Amino acid sequence: MMSRIALSLTLAITASPTTFASEEYGIVGGSLTVGESVFSTKDSAQVGVTPNLFYSGPIGFVDGSLANWQVLPYVGLSGQWRFAEVSDTFTDLPNGIEDRDGSGELGLTLGTVGARVTFLHDVTSEHKGYEIQLHLGRTLDTWDSAFTLTPYFEVDYRDEKLSNHLYGISAAESTASGLAVFDADGTFVYEAGVIGLYEFSPHWIGISKAEFIHHDTDSPLVQRDVGWSLEVGLTYRFAGL
C-alpha cells in the first residue's frame, strides 16, 4: 500500500441545534486513514494521514474546510477551500489525466451545523461553477457516557461548470489516456458515514470514522461505484471545556 498525506479536512461532526446554539465545542487533531478513492486506478486500499478540525459556537462553525459565520439566526456567510479531489498527489489517476486544481468558494448557509443547506460559488475563477450541499447529522449518546456516535448523510449538487472541471475529459486527455472524451452535466454526489468520539479526558478525544461516497456520473474518470474510507485518530479539545 502507498502512504499518502491527505490534505483534505474531512471531519464532519454534527449535533443538535440546542447543544451548539449557546455552547462552544472544538477539536483539532489527526487520523490514520485507509480507503479507496473512486478516482484511483489501484485495486488495493491506500493509507494516509488526515487532519481533523471542527468548531461550533454562537458565532458560527468550522467543519473541515468549510467555515461559516452566523450573521442571523439560521443564516450564515460561508467560505470553503475545495481541495483537489482529482489529483495524482493524493490518488493514482489514469495515465494522461491532468490534475484538477483546488478552488476558493464563498456563499451562504441556511440552518444549523447539524441540519444545513449551503450554497458555494467559485471566486478564484478556477471553474466558475457552484455547489449546493444538503447536510444532515445527529450526535447520539451510547451505553458509555464517554462515547458518542454521529451518523450523517450529505447530498451535493455540482453544476455543469464544476462537474466538467472534476469529471470532464478533454480531447488531449483522451488521446493521452485512451479514455473517451467526456462532457459532464450537473452531477449529484452522495455521502454517508458515522463518526465515533471517545472522551479519554476533558482535553483528549479519540476519533473514529467510516465514510462511503458515490458520484452519480458516467465519467470514465470514475473507476469504481463507491469510494470508502476508515479513520482512527486522536484530537485535542480546545473549546467547550
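This is a predicted model: local features need pLDDT of at least 70, side-chain atom pairs count only at pLDDT 80 or more; totals for chains, interfaces and linings use all residues.
Biologist: What makes up the secondary structure of the chain?

Modeller: Three helices and 14 strands. These are DSSP runs, numbered from the N terminus: helices are H or I with at least four residues, strands are E with at least two.

Biologist: How do you know whether the radius of gyration agrees with a compact globule?

Modeller: The radius is taken over C-alpha atoms, and the globule rule is 2.2 Å times the number of residues to the power 0.38. For 241 residues a compact globule would come out near 18 Å; the chain has 18 Å, so the two agree. The C-alpha trace spans about 55 × 40 × 25 Å along its principal axes.

Biologist: What share of the chain counts as buried?

Modeller: Of the 241 residues, 47%. Buried means under 20% relative accessible area, exposed means over 50%, and partly exposed is in between, with a 1.4 Å probe and protein chains only.

Biologist: Why is proline 151 called partly exposed?

Modeller: Its relative accessible area is 35%. That lies between 20% and 50%, so proline 151 is partly exposed. Proline 151 is found in strand β11 (residues 147–158). Its C-alpha atom is 8.8 Å from that of glycine 196, a residue 45 positions away along the chain.

Biologist: How many salt bridges are there, and what makes arginine 82 and glutamate 105 one of them?

Modeller: The structure holds ten. A salt bridge is a side-chain nitrogen of Lys or Arg within 4 Å of a carboxyl oxygen of Asp or Glu. For arginine 82 and glutamate 105, the closest N and O atoms are 2.6 Å apart. Arginine 82 lies in strand β6 and glutamate 105 in strand β7, so the pair ties together parts 23 residues apart in sequence. In general, side chains of opposite charge can pair when their charged atoms come close.

Biologist: Are arginine 82 and glutamate 105 buried or exposed?

Modeller: Arginine 82 has a relative accessible area of 7%, so it is buried. Glutamate 105 is at 3%, so it counts as buried too.

Biologist: What makes glutamate 131 and arginine 158 a salt bridge?

Modeller: The N to O distance is 2.8 Å. Glutamate 131 lies in strand β9 (residues 130–137) and arginine 158 in strand β11, so this pair ties together parts 27 residues apart in sequence. Glutamate 131 and arginine 158 are both buried.

Biologist: Why do lysine 209 and glutamate 211 count as buried?

Modeller: Lysine 209 is at 4% relative accessibility, so it counts as buried. Glutamate 211 has 14%, so it is buried as well. The two form a salt bridge, with the closest N and O atoms 3.7 Å apart.

Biologist: What makes a surface patch nonpolar, and which residues make it here?

Modeller: Patches take residues with over 30% relative accessible area and no salt bridge; nonpolar side chains (Val, Leu, Ile, Met, Phe, Trp, Tyr) are joined within 5 Å, like charges within 9 Å. Areas come from the Shrake-Rupley method with a 1.4 Å probe, and for residues only the protein chains shown count as cover. Val28, Tyr198, Phe200, Trp204, Leu234, Tyr236 and Phe238 make a nonpolar patch of about 670 Å². Strand β14 (residues 227–239) gives the largest share, three residues. Leucine 234 lies in strand β14. At 42%, leucine 234 is partly exposed.

Biologist: Which residues form the patch of negative charge?

Modeller: Asp88, Glu98, Asp99, Asp101 and Glu126 gather there on the surface. Asp and Glu count as negative, Lys and Arg as positive; His and the chain ends are not counted. Each charge is placed at NZ of Lys, CZ of Arg, CG of Asp or CD of Glu. Aspartate 88 sits in the loop between β6 (75–82) and β7 (103–111). Its 41% relative accessibility makes aspartate 88 partly exposed.

Note on methods
Residues are numbered from 1 along each chain as its sequence is written. Side-chain values use heavy atoms; hydrogens and water are left out.
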